[in-house]
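Take a look at the protein chain below. This report goes from the whole chain to its sheet, and then to one residue.

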Amino acid sequence: MPRYEFRCRACGDTFEVNRPMAAAGEPANCPQGHADTVKLLSAVAVTGRGGAAGGAQTPAAGGCCGGACGC
């Protein structure tokens, strides 16, 4: 289940809420009971086995062509 991060405008507390994606836009009360909260934008990085985007292999070291062309 996805976890969403919120910040309370009244007390400044940052907290997380686990809820289904269908309920992602619903408001959340802070643990202190305040209703004036805002959902924060979270950045997530996902990498494949090779660490490159799309699962592509990382080029070999030694120049732009892997060292074979002499450029």
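## The chain as a whole

The chain has 0 helices and 3 strands. This is a predicted model. Read from the N terminus, the elements follow the order β-β-β.

How much of the chain is buried? Of its 71 residues, 15% are buried. The chain exposes about 5,500 Å². Carbon and sulfur atoms supply 53% of that area. Now take the contacts between residues at least 6 apart in sequence: 28% of them join residues at least 24 apart.

## The sheet

The 3 strands form an open sheet. Their order in the sheet is S2-S1-S3, and the pairing is antiparallel. Which strands lie at the edges? They are strand S2 (14-18) and strand S3 (37-39). Each of these pairs on one side only. From one strand to the next, the twist averages 35 degrees.

Look next at strand S1, residues 3-8. S1 and S3 run antiparallel, and 3 bridges join them.

## Leucine 41

Follow the chain past S3. Leucine 41 lies in the segment after this strand. Is leucine 41 buried or exposed? Its relative accessible area is 86%, so leucine 41 counts as exposed. The cut-off for exposed is over 50%.

Leucine 41 and glutamate 5 are 36 residues apart along the chain.

Definitions and conventions. Residues are numbered from 1 along each chain as its sequence is written. This is a predicted model: local features need pLDDT of at least 70, side-chain atom pairs count only at pLDDT 80 or more; totals for chains, interfaces and linings use all residues. Side-chain values use heavy atoms; hydrogens and water are left out. Two strands pair if DSSP finds at least two bridges between them. Helices (H or I, at least four residues) and strands (E, at least two) are DSSP runs, numbered from the N terminus. Axes are lines fitted to C-alpha atoms, for helices over the stretch in contact, and angles run from 0 to 180 degrees between N-to-C directions. Buried means under 20% relative accessible area, exposed over 50%, partly exposed in between (1.4 Å probe, protein chains only). Contact means heavy atoms within 4.5 Å. Accessible areas come from the Shrake-Rupley method with a 1.4 Å probe; for residues, only the protein chains shown count as cover.
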